[in-house]
Amino acid sequence: RCSAVQPSSSRVSTSAPSSATSTRSASNRSCIAARCSAAQPTSSNASASNRGVRRARRRSAPRSPSRAAALSVVVNGAGGIRGVALLLQRMMLPPLDPRPPRRSDWARAGRPDVATPQSAALLLLRAAQRAPNAFVPVAAAAVITMARLPKLVVFDLDACCWYPEMYMVSFGTPFTKKTETECIARNGQSINLLGAVRDVWSALAGGDPAFADTRVAVASRCDQPAWARELLKLYTTSSGQTFWDAVDGGNLAEIYKGSKDRHLAALQKKTGLDYSEMLFFDDDDWNIKNVSSLGVVSILTPDGVTQDAWEQGLREFAEARG
């Protein structure tokens, strides 16, 4: 409508209207200009707006892949193949080689110091193919070319790995294994693994190549150490390995009364690892504060080791050691 009414610039500039006509034309042009400016932006305003949009896009676009950016794609709940695709895109990894995967690819995949884009992509895609429509838990730890993984993961037991706590069980031993996540005490009381405990222990105990260099340990001050050891020998990972064997046949199971810094000090001496290489899970806030003071990344688990708590631990460890 505006273009139909508004005269062209050439017609205005070449004509020589009378004074009255010029005044009337000027008035008409002012009205038309006002209507046009209200209805649509001028070319200069549009250009400025476009420039602003372009600047905003440039500022928001990632200039280079970062550990935090790559890790957030997976840890924040990206699902299956789509999540892996986003991660690989963010990491700017090349396409996979058409050749079959070699044993060395899997070996490098679990070692951040020699990991390659090929081995990282292989690990992620294989994990996603096993569960294409669901979040792949192990993928949270598979950003191995971008972030470090802990060398030792330490778990409390009571109310962290299982429930009820040992002091709440009236008649314990002998325990009987009922299911993969439940054992029965002598009085019929059930002791159940919490959250994602079995999946996490399975991944750490050889089920996930990303954790090839990671060991598992226990730091507990439960009231019945003998009962706790018996339960560790009954619960198994997905590969059939007992939790007891997962903690080096009990060598890395510190189960006795005392402060948790004492437990962690014993584990540090046995493994020779620095506290900065450890990740700790516990349901007691005091224990978290106590162990954190050593320099260990410590995660509070009021509901046990759930998938969220596990991913939080991996994320915070990666950020602390990034």
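A residue counts as buried when its relative accessible area is under 20%. By that cut-off, 8 of the 11 residues of helix α9 (residues 197-207) are buried, and the helix is mostly covered. The model is predicted.

**Helix α9**
- The buried residues of α9 are Val197, Arg198, Val200, Trp201, Ser202, Ala203, Leu204 and Ala205.

**Strands β8 and β9**
- Strand β8 (residues 278-282) runs parallel to strand β9 (residues 297-300), and 4 bridges join them.
- Between β8 and β9 the chain passes through helix α13 (residues 285-292), in a right-handed β-α-β crossover.
- Phenylalanine 281 has isoleucine 299 of β9 opposite.

**Helices α12 and α13**
- Helix α12 (residues 260-271) packs on α13 at an angle of about 45°, and their axes lie 8 Å apart.
- α12 is therefore oblique to α13.
- The crossing of α12 past α13 is right-handed.
- On the α12 side, Lys260, Asp261 and Leu264 make the contact; Asn287, Asn290 and Val291 meet them from α13.

**Leucine 314**
- Leucine 314 is part of helix α14.
- Leucine 314 counts as buried because its relative accessibility is 4%, against a cut-off of under 20%.

Key: Residues numbered from 1 in each chain as written. Predicted model: local features only at pLDDT ≥ 70, side-chain atom pairs only at ≥ 80, totals over all residues. Heavy atoms only, no water. Buried < 20%, exposed > 50% of the residue type's maximum accessible area, 1.4 Å probe, protein only. Helix = DSSP H or I, 4+ residues; strand = E, 2+ residues; numbered from the N terminus. Pairing = 2+ DSSP bridges. Right-handed = clockwise from strand over helix to strand, strands pointing away. Axes fitted to C-alpha atoms, helices over the stretch in contact; angles between N-to-C directions. Parallel < 35°, antiparallel > 145°, perpendicular 65-115°, else oblique. Left-handed = near helix turned anticlockwise from the far one by under 90°. Contact = heavy atoms within 4.5 Å.
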